[in-house]
Amino acid sequence: MTQETVAPTSDAVLDREETISRDELEALQLSRLQHTVAYAYDRVPLYKRKFDEAGIHPADLRELSDLGKFPFTTKEDLRLEYPFGMFAVPQHEVARIHASSGTTGRATVVGYTKKDLADWAKLVARSLRASGVRPGMKVHNAYGYGLFTGGMGAHAGAEALGCTVIPISGGQTERQITLIQDFKPDAILATPTYLLTIADAMMKQGIDPASTSLKYAVLGAEPWTEEMRHELEVTMNLKACDIYGLSEVMGPGVAGEAVETQDGSHIWEDHFRPEIIDAFDPSVVLDDGEHGELVFTSLTKEALPIIRYRTKDLTRLLPGTARPAHRRMGRITGRSDDMIILRGVNLFPSQIEEIALRIPELSPHFQLELTRPEGHRMDQMTVKIERRESVTIESGAAAAKALQQQIKIHVGSSCAVDVVEPGSLERSNGKLRRIYDLRPKA
């Protein structure tokens, strides 16, 4: 089934690369890809070693499908090359450094030349424009600043688009609300769960979240569902669109969702070549439309070219709509490293969110606790979820049974459900932690 092509809103002035044909785009990709693999081979020792060990040479890349012959890059590769072993330029050409938090191991470090930063800002600006943001608008940036790529990446893109940026960063929720009330921004940039936190805090102050000046929300840095989109749009009376990126590939702006279609983020394929691989057999590259793990190769990066980076994000590639030449990502259903295996059944937090938000008595605030009670050989999962403010304890108990039953039907695993008081679970100040693994360590 072919997707309907939808024209962008009339006041959007697009980059030339957004309007070219698929054939033109693939010709550009091939040229840039051939340059990138040769550039990485010549300048990054890790890639020369990996290519040589795999018996592959940059000259072997004659058509786009040949990319599948090249080895993958993983987060572990970046950790082993810590801090600057992946850089392809001398230190004096690196204009900025970002890094991951390192909470699950050694930090991954990424660098940018001045050209990289300009390209990054252009792609974030393109993503924001696709999502409805326009030059001259005031943009409230609630992504975290610092080594995390979200805050500064979004900031530079909004400025490049010609917006007025309010750089508040994450946290300080009461102050966020004051500035939204006083400065009257048109758009907000945040994680979806943090925007939900802001909306909840407004309601506690007696402020109707739907009454603010906000018209657009550009949300990313964590998977979220269509049910969460509906929750935010109804609660805050705005249009919510996705923006996708990860620091190892660039940061936010690798892909962006169009406000006129809201049907998944278009990948900016003039700068990145995506693939979908079988998460259980990475040697298999899947066709468009098939669900698997997303892999990216950069096409224009100077400081840190990345070849076939395994993102761990699970999605599929779909035909372009609002930007016909650029393929879309389906909703990210989860990350392969966030997958919970419960008594032989694979599940993701996003599945619980999707089911819970179909039950009117339950809020989007939930946590998953994994335990293995003493004397038991099987793991147990408890869903802790808040009831909505207007819901009685008795109605909450009935909703718990409904959620338990729906999880069993749609996921295929039994779990406990604990409906708790409104406001009792931890709120997001950025990326929200959903899974609490309380099982005994081996």
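Biologist: How many salt bridges does the structure hold?

Modeller: The structure holds 37 salt bridges. Please bear in mind that this is a predicted model.

Biologist: Which residue forms a salt bridge with Arg22?

Modeller: Arg22 forms a salt bridge with Glu269, and the closest N and O atoms are 2.8 Å apart. Arg22 belongs to helix α2 (residues 22-43), whereas Glu269 sits in the loop between β9 (265-267) and β10, so the pair ties together parts that are 247 residues apart in sequence.

Biologist: Is Glu269 buried or exposed?

Modeller: Glu269 is buried, with a relative accessible area of 0%. Arg22, at 22% relative accessibility, counts as partly exposed.

Biologist: And what is the N to O distance between Arg310 and Glu293?

Modeller: Their side chains meet in a salt bridge at 2.6 Å, N to O. This pair links distant parts of the chain, with Arg310 in strand β12 (residues 309-315) and Glu293 in strand β11, 17 residues apart. Arg310 is buried at a relative accessible area of 15%, and Glu293 is buried at 0%.

Biologist: Which residues are linked in a network of salt bridges?

Modeller: The network links Asp15, Glu17, Glu18, Arg126, Arg129, Glu260, Asp270 and Arg323.

Biologist: Turning to strands, in what order do the 4 strands of the open sheet come?

Modeller: The order is β10-β11-β12-β15, with antiparallel pairing. The edges are β10 (272-277) and β15 (334-335); each has a single partner strand, so one side of each is left without a neighbour in the sheet.

Biologist: How many bridges join β10 to β11?

Modeller: There are 6 bridges between β10 and strand β11 (residues 292-298), and the two run antiparallel. Within β11, Ser298 is the bridge partner of Phe272.

Biologist: Now cavities. How many of 30 Å³ or more are there?

Modeller: A search of the whole structure finds 4 cavities of 30 Å³ or more. The largest cavity contains about 60 Å³ of space.

Biologist: Which residues line the largest cavity?

Modeller: The lining consists of Tyr112, Asp116, Asp119, Trp120, Leu123, Met250, His271, Phe272, Thr300 and Lys301. Helix α5 (residues 114-130) supplies the largest share, 4 residues. The lining divides into 5 nonpolar, 2 polar and 3 charged residues.

Biologist: Finally, how many disulfides does the count give?

Modeller: The count comes to 0 disulfides.

Terms used. Residues numbered from 1 in each chain as written. Predicted model: local features only at pLDDT ≥ 70, side-chain atom pairs only at ≥ 80, totals over all residues. Heavy atoms only, no water. 1 Å grid on protein atoms, 1.4 Å probe; cavity = no way out; pocket = protein on both sides within 12 Å on 5 of 7 lines; lining within 4 Å. Points joined across faces, edges and corners; volume = space filled by probe spheres on them. Nonpolar A, V, L, I, M, F, W, Y, C, P; charged D, E, K, R; others polar. Disulfide = S-S within 2.5 Å. Pairing = 2+ DSSP bridges. Salt bridge = Lys/Arg side-chain N within 4 Å of Asp/Glu carboxyl O. Buried < 20%, exposed > 50% of the residue type's maximum accessible area, 1.4 Å probe, protein only.
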